[in-house]
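My notes follow in the order in which I made them.

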Amino acid sequence: MGTAVSIELAADRPAPELRALIGDVCGWLHEVDARFSTYKQDSEVSRMRRGELTSTGCHPDLRHVLGACADLWRATDGYFDAYYGGVLDPSGYVKGWAVAEASQRLVDAGCPTHFISAGGDIAARGDRVWRVGVRHPWDETKVAWKLAVRDAAVATSGTYERGGHVINPRTGKPARFLRSVTVTGPDLTLADAYATAALAMDRDGLRYLEKLATDGYESAAVTEDGRAFTTPGLPVAT
């Protein structure tokens with residue numbers, strides 16, 4: 001997946017069992033990378049890009065992702081677009097979905113309290129409070145916010161690491177108004193997609209984030225000129 005992953009299990013179980021659980025999560029993430037990578041020429045996404053694979057012949061997980069991306073395209077008025085420019089790139093959905101699926105595997109294996117972090121996408125599960133630092137968008141050694149979440153997701157999208165990689169489909173140019181967007185809520189796949197869509201919306205992203213609060217998704221954003229915005233219900237640690 002091209003990013004560092006950290007896993008914390010809060011379970012009173014023998015070390016070999018914990019190692020096996022972590023091994024299963026890592027195996028799943030490697031499987032996702034092999035199937036969805038836009039860099040590996042033998043991935044299903046790359047093969048679909050070249051017209052060597054159709055949606056009927058691909059793995060059910062890829063069909064699920066394609067369907068979910070289509071739903072999000074409609075829900076975000078086209079701002080979340082896995083086919084921008086006519087080229088398939090579901091990366092904006094896949095990472096959050098992969099972490100959410102990994103988290104569910106741990107729950108199913110009897111480990112409901114855990115923390116998984118992968119490149120700004122966090123699943124903080126279980127009946128305990130997890131403290132999450134949101135990276136400062138100009139200084140990686142500092143945090144912009146400290147959050148306290150319980151059985152929730154935190155997703156951050158920004159331009160501070162990869163530059164203008166998110167395109168505003170209305171202008172056809174890289175989105176630059178927001179430097180960092182963080183969304184918290186019950187579903188990591190949606191939180192991640194909402195953060196990416198808000199980033200793509202440029203200035204309109206702030207109004208979009210405000211509306212998400214009615215669905216249980218709180219947010220924090222920093223503009224390129226250094227202004228900070230949060231929704232009233234953001235779970236800031238005290």
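**Entry 1: α3 and α4**

I started with helix α3 (residues 60-75) and α4, in what is a predicted model. Their axes come within 10 Å and cross at roughly 120 degrees. An angle of 65 to 115 degrees would count as roughly perpendicular, and one over 145 as roughly antiparallel. α3 and α4 are therefore oblique to each other. I noted the crossing of α3 past α4 as right-handed.

Next I listed the residues that meet. From α3 they are D61, H64, V65, A68, C69 and L72, and from α4 they are Y93, V94 and W97. Sorted by class, this contact has seven nonpolar, one polar and one charged residues.

**Entry 2: α1 and α4**

I then looked at helix α1 (residues 15-36), whose axis comes within 10 Å of the axis of helix α4 (residues 91-108). The two cross at roughly 150 degrees. Angles over 145 count as roughly antiparallel, so α1 and α4 are described that way. The crossing of α1 past α4 is right-handed.

Which residues of α1 meet α4? I found L21, D24, V25, W28, L29, V32 and F36. On the α4 side, the list is V94, W97, A98, E101, A102, R105 and L106. I counted 11 nonpolar residues, no polar ones and three charged ones in the contact of α1 with α4.

V94 and W97 of α4 are in the list for α1, and I had already written both down for α3.

**Entry 3: the sheet**

I traced an open sheet of seven strands, in the order β1-β2-β3-β6-β9-β10-β11. The pairing is antiparallel. As a reminder to myself, strands of a sheet pair through backbone hydrogen bonds.

β1 and β11 are at the edges, and each has a single partner strand, so one side of each lacks a neighbour in the sheet. With direction ignored, neighbouring strands of this sheet are turned by 5 degrees against each other on average.

A123 has A153 in β6 as its bridge partner.

α4 lies across β1, β2 (114-118) and β3, and runs at about 160 degrees to β2. Helix α6 (residues 204-212) lies across β9, β10 and β11, and runs at about 10 degrees to β9.

**Entry 4: β10**

Is strand β10 enclosed or open? Six of the six residues of β10 (residues 218-223) are buried, so the strand is largely enclosed by the rest of the structure. I checked the faces separately. E218, A220 and V222 on one side are buried, and so are S219, A221 and T223 on the other.

β10 pairs with strand β9 (residues 178-185) in the antiparallel sense, over six bridges. In one of these, V181 has A221 of β10 as its partner.

β10 also pairs with strand β11 (residues 228-230), again antiparallel, through three bridges. Here the bridge partner of V222 is A228 in β11. β10 and β11 form a hairpin, with four residues between them. In the turn I noted G226, which has a positive phi of about 90 degrees.

**Entry 5: two single residues**

I looked up P137, which is in the loop between β4 (130-135) and β5 (143-149). Is P137 buried or exposed? Its relative accessibility is 2%, so P137 counts as buried. Leaving out residues up to four places away in sequence, P137 touches A144, Y160, R179, S180 and V222. V222 is one of the β10 residues from the previous entry.

A4 has 63% relative accessibility, so A4 counts as exposed. Apart from neighbours within four places in sequence, A4 is in contact with S117, A118 and G119. A4 and G119 are 115 residues apart along the chain, and their C-alpha atoms are separated by 6.3 Å.

Definitions and conventions. Residues are numbered from 1 along each chain as its sequence is written. This is a predicted model: local features need pLDDT of at least 70, side-chain atom pairs count only at pLDDT 80 or more; totals for chains, interfaces and linings use all residues. Side-chain values use heavy atoms; hydrogens and water are left out. Buried means under 20% relative accessible area, exposed over 50%, partly exposed in between (1.4 Å probe, protein chains only). Two strands pair if DSSP finds at least two bridges between them. Axes are lines fitted to C-alpha atoms, for helices over the stretch in contact, and angles run from 0 to 180 degrees between N-to-C directions. Angles under 35 degrees count as roughly parallel, over 145 as roughly antiparallel, 65 to 115 as roughly perpendicular and the rest as oblique. A crossing is left-handed if the near helix is turned anticlockwise from the far one by less than a right angle, and right-handed if clockwise. Contact means heavy atoms within 4.5 Å. Ala, Val, Leu, Ile, Met, Phe, Trp, Tyr, Cys and Pro count as nonpolar, Asp, Glu, Lys and Arg as charged, and the others, Gly among them, as polar.
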